[in-house]
Amino acid sequence: MRLTLFTDYSLRVLLVLATRTESLVTIADLSKAFDISYAHLMKVTHMLGKSGWVETVRGRNGGMRLSMHPSKLKLGSIVRHLETDFALVECFGEDNRCVLTGGCELAAVLARAMQAFLDELDRYSLADIANGSPALMVLPLWQEVTWQRRMTRPSIEVVPAVAQALLSEPVPPKRREAGRSE
């Protein structure tokens, strides 16, 4: 499953706000730091404000900040709120016309996998992720880092090549040829 860019951008904004709790962060600063369209971030921050997670302040010295402690925001709740469609297959959607509905093991497997995915996200708060993301502390923003627990290293360094490998098909173990010893 691929999260939408909207959710990706929303999570990035929330992570920055989790590390700069005592100052206002502007859309312009985030746009520049992440190289994301200002217009996209306007939509993201509008939705985050409507969600109640982010307080927005209008005006010349305005910006945004988290409206609650980052430990109170669970990733599973955030993703469930932001993602509009978890329909991996047609039978999960509203306009289901699949003839296999009700008798297909694929739907059952995918439903369990989706639940496992969301259960894993529910294990972590925004504070947990911010704490394990040292790159947030050096992000080029003028706002000083104001919230920081003891930093930990990320549990796995995910760069594009690693992400691709994690999502690719598992490699079957090599089979020994009969009569051959190694």
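Predicted model: local features only at pLDDT ≥ 70, side-chain atom pairs only at ≥ 80, totals over all residues.

In the contact of H1 with H3, the residues Phe-6, Tyr-9, Ser-10, Val-13 and Leu-14 of H1 meet His-40, Leu-41, Lys-43, Val-44, Met-47 and Leu-48 of H3. Sorted by class, this contact of H1 with H3 holds 8 nonpolar, 2 polar and 1 charged residues.

**H1 and H3**
- The axes of H1 and helix H3, which spans residues 38–51, come within 10 Å and cross at roughly 70°.
- Because angles of 65 to 115 degrees count as roughly perpendicular, H1 and H3 are described as roughly perpendicular to each other.

**H1 and H4**
- Helix H1, residues 5–19, packs with helix H4, residues 75–82, at an angle of about 140°, and their axes lie 10 Å apart.
- H1 and H4 are therefore oblique to each other, and H1 passes H4 in a right-handed crossing.
- On the H1 side the contact is made by Phe-6, Thr-7, Ser-10, Leu-11 and Leu-14, which meet Leu-75, Ile-78, Val-79 and Leu-82 in H4.
- The residues of this contact of H1 with H4 divide into 7 nonpolar and 2 polar, with no charged residue among them.

**H4 and H5**
- The axes of H4 and helix H5, which covers residues 105–122, come within 6 Å and cross at roughly 130°, and H4 and H5 are therefore oblique to each other.
- From H4, the residues Leu-75, Gly-76, Ser-77, Val-79 and Arg-80 take part in the contact, while H5 contributes Gln-115, Leu-118, Leu-121 and Asp-122.
- By class, the contact of H4 with H5 has 4 nonpolar, 3 polar and 2 charged residues.

**Aromatic rings**
- Which residue lies over the face of Phe-34? Arg-12 does, at 5.4 Å from the ring centre.

Methods
Residues numbered from 1 in each chain as written. Heavy atoms only, no water. Axes fitted to C-alpha atoms, helices over the stretch in contact; angles between N-to-C directions. Helix = DSSP H or I, 4+ residues; strand = E, 2+ residues; numbered from the N terminus. Parallel < 35°, antiparallel > 145°, perpendicular 65-115°, else oblique. Left-handed = near helix turned anticlockwise from the far one by under 90°. Contact = heavy atoms within 4.5 Å. Nonpolar A, V, L, I, M, F, W, Y, C, P; charged D, E, K, R; others polar. Lys NZ or Arg CZ within 6 Å of the ring centre and 35° of its normal.
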